Amino acid sequence: MNELIDKLKGEIIEQLNLEDVKKEDIDNDAPLFGEGLGLDSIDALELIVLLEKNYGIKVANPADGKKIFQSIRTMAQYIQDNKK
Amino acid sequence: MEAYIRGVGIISPQKTFDTEEFLPEVVEYSNNSLRCIEPSYKDFLNPTLARRMGRVIKMGIAASSACFKDSGIAMPDAIMTGTALGCLEDTEKFLLAIIENDEQFLTPTSFVQSTHNTVSAQIALQLKCMNYNFTYVHKGYSFESSVLDGLMTIAEGNGKNILVGGHDEMTDKYYRVCDRVNYWKKEMTPTLQLINSKTDGSVAGEGAAFFMLSAEASDKDYAKLRSLKFIYKPESQQEIEGRIGEMLAEKGLTANDIDLVIYGINGDARYDGIYNQLKDSYFKNSTAAYFKHLCGEYQTSGSFAMWLAARILKSQSIPPSVLIGENKHASIKNVLIYNCFMGTDHAAFLLSQC
């Protein structure tokens, strides 16, 4: 799980072009949206594409997004549970 | 149609951004591709927004911010920009992603930022400016079209302070594409040698320059922009000279009244003859200057020339690095810019001292 979290942090930094953010700056349990990393709705779309492209996971129900993208840890957990 | 240039802001391959100094030194390039000297954008942009922006968007916002600061005008009545290539870096990202991912997994950011009007839109968003906002995409007439719209808007009384500007960025891919159609020199040509070159092609450039055009004069003005003419695909030198003559006559001037002519000489043997003929005959009594060894060739390079003319008129000094031959006039009252892109899109600007 820790390895996946670390990998995911790197992918998010690259995909969202978080120039001044390092992996160690991202708290595993901090909110991704609003506070924490301060991501917004466009970033949410980028993260959905990231899940599908890098892990083959489609977020079928948009309502699940809020739970999946709560934090890095919830995202990693979702990947672990659904990776094909 | 006339307007006063109240403020300027420019990012170019020279040290031109946010400085009182006027080309104190020349940055020379030897790789046939000039790239802008960019400032730290943290002073102009929220990092959350900046991370999604390509280079030309950041350059446009920073250059326009400098123009607002310089002019003392915080909210323009209209924003008009010109760009031939738009946000090329983001366009390339988006198109490449389509190809690489077989039209799957397309992300929104580079698409959203790839449209040509992103820069003028982002300037408006930063200002919360809901006024007229337009982007002209007309190859070598992109910047000139924005200026023309600015002049017309002022002439028609639809605005008093108009932001106009030109911006284009060079990328490695675009450089290679243009190289295949012989835009650039095949041999590496140091920019300070450009004027002596006798081969085809020029060196690639880029830049972002903005101007606050005002209907009313003030003690801050750089110059008065008095006329702008488009001379599309002129068939002969006589046609060029005739059109310039008409332009000057409309303002009660002749060629002898022009103290300085700024030419778009770019080292391309196919087109430099046009400028040299003007320099050696029609404007033989005027001081001559050029600018593309400082900014390179790009579709909106006229904006660099307008900045140069405005600074010369305000400071009453011609940087030695742009002079061709000697300065023939103690004071500079009237400046004409003659520029063309790839021999087709010719334009002449007339500026006068305030």
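Me: In chain B, what share of contacts between residues at least 6 apart in sequence join residues at least 24 apart?
Reply: The share is 79% for chain B. Please bear in mind that this is a predicted model.

Me: What helices and strands does chain B have, by number?
Reply: Chain B has eleven helices and eleven strands.

Me: And how is chain B divided into domains?
Reply: The domain assignment gives domain 1, covering 3–214, and domain 2, covering 223–352. Their C-alpha centres are 22 Å apart.

Me: How many residues of each domain are in contact with the other?
Reply: Domain 1 of chain B contributes 48 residues, and these are in contact with 39 residues of domain 2 of chain B.

Me: Which elements of domain 1 give two or more residues to that side?
Reply: They are strand E1 (3–11), helix H6 (142–155), strand E4 (161–168) and strand E5 (207–214) of chain B. H6(B) gives the most, with six residues.

Me: What classes do the residues on that side of domain 1 fall into?
Reply: On the side of domain 1 of chain B that touches domain 2, 25 residues are nonpolar, 17 are polar and six are charged.

Me: What does Ile262(B) touch, leaving aside neighbours within four places in sequence?
Reply: Ile262(B) is in contact with Ala289(B), Tyr290(B), Phe291(B), Ala305(B), Leu308(B), Ala309(B), Val335(B) and Ile337(B).

Me: On to the two chains. How many residues does each give to the contact?
Reply: Chain A gives twelve residues and chain B gives eight. The side of chain A that touches chain B has five nonpolar, two polar and five charged residues.

Me: Back to chain B as a whole: what is its radius of gyration, and what would a compact globule have?
Reply: Chain B has 19 Å; a compact globule of 354 residues would have a value near 20 Å, so the two agree. The C-alpha atoms of chain B fill a box of roughly 60 × 45 × 35 Å along the principal axes.

Me: What percentage of chain B is buried?
Reply: Buried residues make up 52% of its 354 residues.

Notes: Residues are numbered from 1 along each chain as its sequence is written. Chains are lettered from A and ligands numbered from 1 in the order in which they are written. This is a predicted model: local features need pLDDT of at least 70, side-chain atom pairs count only at pLDDT 80 or more; totals for chains, interfaces and linings use all residues. Domain bounds come from an automatic or database domain assignment. Two residues are in contact if their C-beta atoms, placed from the backbone, lie within 7 Å. Helices (H or I, at least four residues) and strands (E, at least two) are DSSP runs, numbered from the N terminus. Ala, Val, Leu, Ile, Met, Phe, Trp, Tyr, Cys and Pro count as nonpolar, Asp, Glu, Lys and Arg as charged, and the others, Gly among them, as polar. The radius of gyration is taken over C-alpha atoms; the globule rule is 2.2 Å times the number of residues to the power 0.38. A residue is buried if 20 or more other C-beta atoms lie within 10 Å of its own, exposed if 12 or fewer, and partly exposed in between; C-beta atoms are placed from the backbone.
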